[in-house]
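Subject: Structure for your files

Hello,

Here is the structure I said I would pass on. My notes on it follow below.

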Amino acid sequence: GISCLPLEMVRPAKKAITVSRSFGKLVGTLEGMCEAVALYAARAAEKLRRERLAAGALMIFILTNRFRDEPQYSNSATIELPVPTDSTDEITAYALRCLRGIYRKGFRFYKTGIILSGLVPASQVQTGLFDTVDRDRAKRLMRALDDVNFRMGAGALAFAASGLERPWKTRFNRRSPRYTTRWDELRVVET
């Protein structure tokens, strides 16, 4: 009857935010990889804003399926951001730059992901002397984007870089029903 786990009075600060998924269909084109990285960068930026944090560095990784009898390749790239940010467009631009540096033609990729690190409170970001980005405008834009997506549902507004059709998106064919959190999946008993 004695608790072995200490009670946390204050949740410890996050050290990193990761968004990573396996593809439902292997991706062999740079365009498909760019769409996936842009989508994951947007999701990571949303998480940043929800936690009221800004990222000072980002890393992306790509890998092929090691269980297939195909050519194998995996790589990652890290970039330190000039000014910590939580802006989707800025994070996406840096992530795509990293992707173009590590992408290799002739491989079919199975998974990609983005890791945001160097997290600092968004209210304490110190801008650079030669920073040309209008941070106030970016903050208003991200607030409006998040407000619309909160009211209209996730993904109601998205950046075009993340694609429209997404044939590579993760499939959830064997997911357990979510009766306790989704009204549309609630069991109906007919008499």
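Leaving out residues up to four places away in sequence, Arg-49 touches Asp-86, Ser-87, Thr-88, Met-142, Leu-145 and Asp-146, where contact means heavy atoms within 4.5 Å. Arg-49 belongs to helix 1 and is buried, at a relative accessible area of 12%. Buried here means under 20% relative accessible area, exposed means over 50%, and partly exposed is in between, with a 1.4 Å probe and protein chains only. Between the C-alpha atoms of Arg-49 and Ser-74 there are 30 Å in space, and 25 residues in sequence.

The model is predicted: local features need pLDDT of at least 70 and side-chain atom pairs count only at pLDDT 80 or more, while totals for chains, interfaces and linings use all residues. Residues are numbered from 1 along each chain as its sequence is written, and side-chain values use heavy atoms, with hydrogens and water left out.

The largest pocket holds about 840 Å³ of space. Its lining consists of 32 residues, and those nearest the centre are Glu-46, Arg-49, Arg-50, Asp-146 and Asn-149. Strand 1 (16-27), helix 1 (30-50) and helix 3 (135-152) are the elements that give two or more residues to this lining. A pocket is an open set of points on a 1 Å grid over the protein atoms alone, where a 1.4 Å probe fits, with protein on both sides within 12 Å along at least five of seven lines; lining residues have an atom within 4 Å of a point. Points are joined across faces, edges and corners, and the volume is the space filled by probe spheres set on them.

Two other residues

Ile-91 sits in helix 2 (residues 88-102) and counts as buried because its relative accessibility is 0%. Not counting residues up to four places away in sequence, Ile-91 touches Ala-41, Ala-45, Leu-48, Leu-58, Thr-85, Asp-86, Ile-114 and Leu-116. Leu-81 is 10 residues from Ile-91 along the chain, with 8.7 Å between their C-alpha atoms.

Arg-52 lies in the loop between helix 1 and strand 2 (53-64). Its relative accessibility of 66% is why Arg-52 counts as exposed. The phi of Arg-52 is near 60°, a positive value in a residue other than glycine. Most residues other than glycine have a negative phi.

Whole protein

The protein has 3 helices and 5 strands, in the order β-α-β-β-α-β-β-α from the N terminus. Helices (H or I, at least four residues) and strands (E, at least two) are DSSP runs, numbered from the N terminus. Of the 191 residues, 35% are buried. Among contacts between residues at least 6 apart in sequence, 79% join residues at least 24 apart. Along the principal axes, the C-alpha atoms fill a box of roughly 70 × 50 × 40 Å.

Regards
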